Amino acid sequence: MSAESVFAFLDCEFGGLDVDLHDLTEVGLILTDARLEEQAEAQWRVRARPERITKEAAAIFGYDEALWAEAPPLRQVLEAIVAMLPKDRKVVPAGQNVRMDVLFLERAFRKCDIPYPFDYHVLDLATLYYS
């Protein structure tokens with residue numbers, strides 16, 4: 001991996017598994033350089049519509065309507081993500097089953113009309129474990 005690249009290790013939670021029916025509910029991000037030295041870390045709850053969260057998903061990630069009502073809206077979270085990413089580096093999304101996180105994030109950025117800030121390559125740790 002090029003020294004000009006950084007990794008954005010992602011862990012997202014969703015209101016269910018269908019990107020068209022369910023909302024992004026949480027985003028965790030650890031930014032590292034190409035040597036995997038941590039550069040920044042942040043996590044957000046994302047204000048979600050209760051009707052777009054299944055009971056099963058709510059049980060998995062501990063959804064509490066009162067907590068999520070105080071969470072920032074999606075646009076604010078996405079803008080915070082963009083602000084923390086380096087502008088002079090390729091940012092490669094990474095994580096366990098990161099393709100699902102990427103699907104929800106791509107949809108969220110598109111919905112908010114914010115350019116998607118990540119590279120099209122991904123580093124999915126599952127492929128390292130099972131190859």
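Residues are numbered from 1 along each chain as its sequence is written. Because the model is predicted, local features need pLDDT of at least 70 and side-chain atom pairs count only at pLDDT 80 or more, while totals for chains, interfaces and linings use all residues; side-chain values use heavy atoms, without hydrogens and water.

**The sheet**

Begin by selecting the strands (DSSP runs of E, at least two residues; helices are runs of H or I, at least four residues, and both are numbered from the N terminus). Five strands form an open, mixed sheet in the order β3-β2-β1-β4-β5. Strands pair if DSSP finds at least two bridges between them. Strands β3 (38–45) and β5 are at the edges with a single partner strand each, so one side of each has no neighbour in the sheet.

Seven of its 10 residues are buried (under 20% relative accessible area, with a 1.4 Å probe and protein chains only), so β1 is largely enclosed by the rest of the structure. Eight bridges link β1 to β2 in the antiparallel sense, and five bridges link β1 to β4, which runs parallel to β1. Pick out Phe9: this residue stands opposite Ile30 in β2 and opposite Ala94 in β4.

Move to β2 and β3, an antiparallel pair with seven bridges. Here Thr32 has Glu38 of β3 as its bridge partner.

**The helices on the sheet**

Directly after α4, find Asp113, whose phi is positive, near 55°.

**Where the helices meet**

Finally, select α3 (residues 74–84) and α4 (residues 98–111) together: they pack at about 110°, with axes 10 Å apart. The two helices are therefore roughly perpendicular (65 to 115 degrees). Which residues of α3 meet α4? They are Leu74, Leu78, Ile81 and Val82, which meet Leu105, Ala108, Phe109 and Lys111 in α4.

How values were computed. Axes are lines fitted to C-alpha atoms, for helices over the stretch in contact, and angles run from 0 to 180 degrees between N-to-C directions. Angles under 35 degrees count as roughly parallel, over 145 as roughly antiparallel, 65 to 115 as roughly perpendicular and the rest as oblique. Contact means heavy atoms within 4.5 Å. Buried means under 20% relative accessible area, exposed over 50%, partly exposed in between (1.4 Å probe, protein chains only).
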